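Please consult the sequence and the model alongside the text.

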There are 2 protein chains.
Amino acid sequence: MTYCLGILTQTGLVMAADSRTNAGVDYISTYRKLFDFSIEGDRALFFCTSGNLSVTQSVLALMRQAIAAKSDINLHTLPSLYEIARYVGGIMRHVQDENRPWLEKDGIDSQSTILLGGQIRGTAPELFMIYSQGNFIQASKEKPFLQIGEAKYGKPILDRVLSFHTPIEAAAKCALLSIDSTMISNISVGPPINLVMYEADSFKVRHQLCLNIDAPYLTQIRKQWERCLNEAFEQMPNIDWEHYLSRGSEPLNL
Amino acid sequence: MTYCLGILTQTGLVMAADSRTNAGVDYISTYRKLFDFSIEGDRALFFCTSGNLSVTQSVLALMRQAIAAKSDINLHTLPSLYEIARYVGGIMRHVQDENRPWLEKDGIDSQSTILLGGQIRGTAPELFMIYSQGNFIQASKEKPFLQIGEAKYGKPILDRVLSFHTPIEAAAKCALLSIDSTMISNISVGPPINLVMYEADSFKVRHQLCLNIDAPYLTQIRKQWERCLNEAFEQMPNIDWEHYLSRGSEPLNL
């Protein structure tokens, strides 16, 4: 599996991804899932990919090919993130069309999902999730993050901590904690973690990193988070059993 | 959906369940999913159910019927939790056999999973998970909790906080926090929350409760947990971008 997320805040964008892929427990491998197609000064453009690796790699290859061939329509010429989302959705449909019948014959899932985040000069930063079917949705102030892949383990921390007004540096930390929580609970998500933090209107990638399993920062936040959680847990008030018993809830017995 | 969990600790057993069932967003309802079949002084016996409601209700009905009919083999005569797990698995197979072909015709999922926890005089407390297929697994010191239904959102807190040596009162709080985290991130899991805390060798149900959405204790732990998480989050060290950049991780661009 995979876990990637994008966070859109007032002051920028965070995109993060794990690197584990697997086709069964005996074929676990490491692949990059976060890609930067930015042009400094003109556009910031990041993609995270999940699902069938052959499909997402084909989509990336076709996008790169169009740039290299200087096609009229490519990631570097399209005038808005919305148009780019449509373009990527179209490539996704093409790749699905070509491969899906063959994959289905052997019961192989061709589903793939892509996160697209960035900013084009003259527009605001935006974040999209492009489905296998080529359609897409967009993050909003009310729902400032989008997740793909193994998303459930890492959602509670985002729900409790994150909003559109979270400072971008804090959003980046939150993304790392969300991925780390997922890695602890699910072995199909694994390091290295790639992360990029893009400051709105900078049109330059100033902050990116790749954290391996033994990265001191990862160890540090993991230990500190675990200690804080345990301390918080110990402070939880005791259950007042009498009170709730006396409220006469229905007996549980048969 | 549903979220139920059982926790086996050195000093007892905790079982907890939400109460929401749904068959599509326009048919959301509330059903009990935690059931007590204990006999004071002889055996503690609790079940949590998830999956197809008609299947789990049939399993419960057949178990009750056998007790009422004083059948030779029933939940109150079997000599061990292992034998009870086999017995319940057998009933599950029977109910699946009867219903599955009809459900499959209309693409309806008959999958159901049951947690069984308890203690029979002369044996130690045990916790089992019985699958749709009638087979089952057992909790251990190394893996002291079992979850059924919508289990992923609530797993990180269990992974970080819980062990076989956690005091039982703390395990009960942990179960509530795990369910509350799930309710916040997923509307298909909802109140009231039923919870039972059984002290080993007591053969008596002294602690059980039913928390509605407006239960002051639930509001209190939810707010306090959220505040603690946010405080913990604010204490996280800043990311040392320079350090990880200078380590020369592969550039992300195409």
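Is strand β1 (residues 3-9) of chain A mostly covered or mostly uncovered? Strand β1(A) is mostly covered, as seven of its seven residues are buried; a residue counts as buried if 20 or more other C-beta atoms, placed from the backbone, lie within 10 Å of its own, as exposed if 12 or fewer do, and as partly exposed in between. The model is predicted, and local features need pLDDT of at least 70, side-chain atom pairs count only at pLDDT 80 or more, and totals for chains, interfaces and linings use all residues. Residues are numbered from 1 along each chain as its sequence is written, while chains are lettered from A and ligands numbered from 1 in the order in which they are written. Helices (H or I, at least four residues) and strands (E, at least two) are DSSP runs numbered from the N terminus.

**Interface between chains A and B**

- The interface brings 52 residues of chain A into contact with 52 residues of chain B, contact meaning that the C-beta atoms, placed from the backbone, lie within 7 Å.
- On the chain A side, the elements that contribute two or more residues are β5 (34-36), α3 (155-161), α4 (168-185), β11 (193-199), β12 (207-211), α5 (216-234) and α6 (241-246).
- Helix α5(A) supplies the largest share of that side, eleven residues.
- By class, the chain A side comprises 28 nonpolar, 13 polar and eleven charged residues; Ala, Val, Leu, Ile, Met, Phe, Trp, Tyr, Cys and Pro count as nonpolar, Asp, Glu, Lys and Arg as charged, and the others, Gly among them, as polar.
- Because 100% of the interface residues of chain A are also interface residues in chain B, the copies meet through the same surface.

**The five-stranded sheet**

- An open, antiparallel sheet of chain A has the strand order β10-β1-β2-β11-β12; strands pair if DSSP finds at least two bridges between them.
- Its edge strands, β10 (145-149) and β12, each pair on one side only.
- In β1(A), A:Tyr3, A:Leu5, A:Ile7 and A:Thr9 point one way and A:Cys4, A:Gly6 and A:Leu8 the other, all of them buried.
- Five antiparallel bridges connect β1(A) with β10(A), where A:Gln147 is the bridge partner of A:Leu5.
- Strand β1(A) also joins β2(A) (residues 12-17) through six antiparallel bridges, and the two form a hairpin with two residues between them.
- Strands β11(A) and β12(A) run antiparallel and share five bridges, with A:Met197 partnered by A:His207.

**Strand β6(A) and its neighbours**

- Nine of the nine residues of β6(A) (residues 43-51) are buried, so this strand is largely enclosed by the rest of the structure.
- Three bridges link β6(A) to the antiparallel β5(A), and A:Phe35 has A:Phe47 as its bridge partner.
- Between β5(A) and β6(A), which form a hairpin, lie six residues, and A:Gly41 in the turn has a positive phi of about 90°.
- Strand β6(A) also pairs with β7(A) (residues 112-120) in the antiparallel sense over nine bridges, A:Ala44 standing opposite A:Gln119.

How values were computed. Contact = placed C-beta atoms within 7 Å.
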